[in-house]
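Dear colleague,

I am passing a structure on to you below, together with some notes on what turned up in it. Please look through the sequence and the model first, and then read on.

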Amino acid sequence: MEQDITIIFEQILKASQSIDIAESEFKRMMYEDAEMRSRYKAWCAEQEVSEKRGFVDYCMERIDEFDSCWDALTDIDESYE
C-alpha cells in the first residue's frame, strides 16, 4: 500500500525538529528514492506548488498551524486572569 507523501513529510519534520534539518533529510531521501521523487512531483503538481519550495512551504505551514494552536490556548488562559 502506498503511503501518502504528506505522512512522510510529517515524519521527517517531527524527527528533525527544524526545517533546515528536515529539508536536508528530505533532499537525501529524494536523491536515494526514485519512487519518492515521482510521488513528490505528482504531489507538487496536484497542490500547484513548485518542486523547489513545496516541501519547505508545507513544513512552514504546519509549524504556523501548530503555533496558532498554542496562541489560541494562550488567549484562552489570559481571559481567565
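A disulfide is taken here as a pair of cysteine sulfur atoms within 2.5 Å, and by that definition the structure holds 0 disulfides. You are looking at a predicted model, in which local features need pLDDT of at least 70 and side-chain atom pairs count only at pLDDT 80 or more, while totals for chains, interfaces and linings use all residues. Residues are numbered from 1 along each chain as its sequence is written, and side-chain values use heavy atoms, with hydrogens and water left out.

As for the cysteines, C44 is buried, with a relative accessible area of 1%, and C59 is buried as well, at 0%; buried means under 20% relative accessible area, exposed over 50%, and partly exposed in between, with a 1.4 Å probe and protein chains only.

Helix α1 covers residues 5–16, which makes 12 residues, and reaches 17 Å from its first C-alpha to its last, close to the 16 Å expected at 1.5 Å a residue. Helices are DSSP runs of H or I with at least four residues, numbered from the N terminus, and the expected span is 1.5 Å times one less than the number of residues. The buried residues of α1 are I5, T6, I8, F9, I12, L13 and S16. Because they cover an arc of only 155 degrees around the axis, they lie on the same side of α1, where the arc is that of the directions from the helix axis to the C-beta atoms. On the other side of α1, K14 and A15 are exposed. Just after the helix, Q17 takes a positive phi of about 60 degrees.

The largest pocket is lined by E10, L13, R62, I63 and F66. A pocket is an open set of points on a 1 Å grid over the protein atoms alone, where a 1.4 Å probe fits, with protein on both sides within 12 Å along at least five of seven lines, and lining residues have an atom within 4 Å of a point. Both α1 and α4 (54–79) supply at least two residues of this lining, and α4 gives the most, with 3 residues.

Finally, M60 has its place in helix α4 and is partly exposed, with a relative accessible area of 37%. M60 and S18 are 42 residues apart in sequence and 10.0 Å apart in space, C-alpha to C-alpha.

With best wishes
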